[in-house]
Every structure is written in C-alpha cells, then in structure tokens.
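Morning, everyone. Please have a look at the sequence and the structure, and then I'll take you through a few points.

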Amino acid sequence: MPEQRVGREQVLDAALAVVREQGEAALSARSVAQRAGCSVQPIYSLFGDMGELVRQLYGHARAWVAAYNREHEYDGCNAFESNGLSHLRLAREERPLFHFLYLSPHMEATGFEGVYESVAIDGVQQCIEELGRLSPEAARELYLDMIVFVHGMAAMLATGAQFSDEELHARMDRAFKGFVALVRA
C-alpha cells in the first residue's frame with residue numbers, strides 16, 4: 001500500500017471544519033476529503049467507515065472546545081462565570097458545532113451524573129465552593145444545576161434566540177443566587 005500523505009489529524013481537522021461551517025448534515029466522506037485535499041480513500045483507510053470518523057470527530061471537537069474554553073477562561077469575574085459565558089458564546093458563534101456536540105445523540109448522556117462528568121471543568125467546582133461558601137457536595141449540586149440552566153439558555157441561542165449579554169448575565173446571576181439558597185436550605 002502506498003504511503004498516505006493525509007494523516008488522521010488532518011482528516012479530523014477537515015471534518016471539524018465541515019461541521020463548524022455547514023453542520024453535521026454536510027458531513028460525508030466526499031466533503032471531508034474535499035476539505036482535506038485528498039480522495040476518500042485515506043478516510044476509509046484511517047477510520048474504516050464514516051461512523052468511526054464521526055465517533056472520533058466527537059472527541060476531536062470536544063478537545064477543540066476545551067481549547068476554546070481556555071482561551072476565554074478570564075472573560076468573566078471568575079472561573080465559574082467564565083465557564084458559563086463560554087458555553088453561551090459557543091452556542092451563539094458556533095451554532096453547527098454546538099448542535100453536533102450538545103444537541104445530538106453523540107453526547108451519549110444517560111443521566112445528570114454523566115452530563116456533569118462530561119462537561120464539568122477543573123477548578124470550577126472549587127470556585128463555586130469559595131463563592132458560595134459551600135461544601136464540595138453542595139458546590140457540585142449547584143454546578144450541575146447551573147450546567148443544566150445555562151445549557152437551556154445556550155440551546156435557545158443555538159436555535160436563534162436573540163438574548164442580549166446583559167439579559168444572559170442577569171439570568172445567570174439570578175439562577176446562581178437561587179441555587180445557592182436551595183443548597184443551603
């Protein structure tokens with residue numbers, strides 16, 4: 001077999017670009033190959049089939065979002081707020097990618113604990129403990145409640161809602177205060 005000039009990372013980057021620009025529906029061996037500048041042969045050689053490419057693409061896209069979150073880790077007053085703002089910004093600015101990651105079956109969330117494990121960012125729970133003067137257990141519950149709440153707003157943004165940044169901030173602040181009161185009760 002001749003040496004392949006197109007590697008796994010290049011194909012995954014090309015597939016990610018297709019999803020970011022056109023959405024998952026545009027993802028095909030042909031569209032990825034065109035974006036990667038190759039024939040479809042390396043895609044099947046590297047991944048076996050499109051199902052495996054999509055499975056690996058999901059992890060690749062999650063890594064891209066982790067880097068995106070790191071780029072925006074100081075956009076808020078603290079790590080917790082920055083995390084929420086980053087998720088909302090992703091929904092607004094990267095709609096097709098947001099759909100692929102969070103509004104499709106690829107996430108494979110089977111319960112709230114799985115959601116928490118899948119999306120919680122290191123250091124944020126500790127930030128919540130300090131902000132709310134909460135135990136680790138209470139902070140974890142509050143973090144999960146906020147993940148669910150903020151994701152609801154993000155889903156609305158990803159489907160076209162036009163909330164202002166001020167409205168989003170106010171809702172997040174209000175929810176945080178309400179959830180703190182709940183976990184302290």
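Let's start with a term: a residue is buried when its relative accessible area is under 20%. Keep in mind that this is a predicted model.

Now take Val 32. Its place is in helix α2, residues 29-36. Is Val 32 buried or exposed? Its relative accessible area is 0%, so Val 32 is buried. Which residues touch Val 32, leaving aside neighbours within four places in sequence? They are Val 11, Ala 14, Ala 15, Val 18, Leu 27, Ile 43 and Leu 53. Asp 145 is another matter. From Val 32 to Asp 145 is 113 residues in sequence, and 37 Å in space, C-alpha to C-alpha.

Next, a pair of helices. Helix α4 covers residues 50-71, and helix α5 covers residues 79-93. They pack at an angle of about 120°, and their axes are 10 Å apart. The crossing of α4 past α5 is right-handed. Who makes the contact? On α4, look for Trp 64, Val 65, Tyr 68 and Asn 69. On α5, look for Ser 86, Arg 89, Leu 90 and Glu 93. By type, that contact has 4 nonpolar, 2 polar and 2 charged residues.

Last, the cysteines. How many disulfides are there? The count is 0, with a cut-off of 2.5 Å between the sulfur atoms. Cys 127 is in no disulfide: its nearest cysteine sulfur belongs to Cys 77, 10 Å away. Cys 127 has 13% relative accessibility, so Cys 127 counts as buried too.

Note on methods
Residues are numbered from 1 along each chain as its sequence is written. This is a predicted model: local features need pLDDT of at least 70, side-chain atom pairs count only at pLDDT 80 or more; totals for chains, interfaces and linings use all residues. Side-chain values use heavy atoms; hydrogens and water are left out. Axes are lines fitted to C-alpha atoms, for helices over the stretch in contact, and angles run from 0 to 180 degrees between N-to-C directions. Helices (H or I, at least four residues) and strands (E, at least two) are DSSP runs, numbered from the N terminus. A crossing is left-handed if the near helix is turned anticlockwise from the far one by less than a right angle, and right-handed if clockwise. Contact means heavy atoms within 4.5 Å. Ala, Val, Leu, Ile, Met, Phe, Trp, Tyr, Cys and Pro count as nonpolar, Asp, Glu, Lys and Arg as charged, and the others, Gly among them, as polar. Buried means under 20% relative accessible area, exposed over 50%, partly exposed in between (1.4 Å probe, protein chains only).
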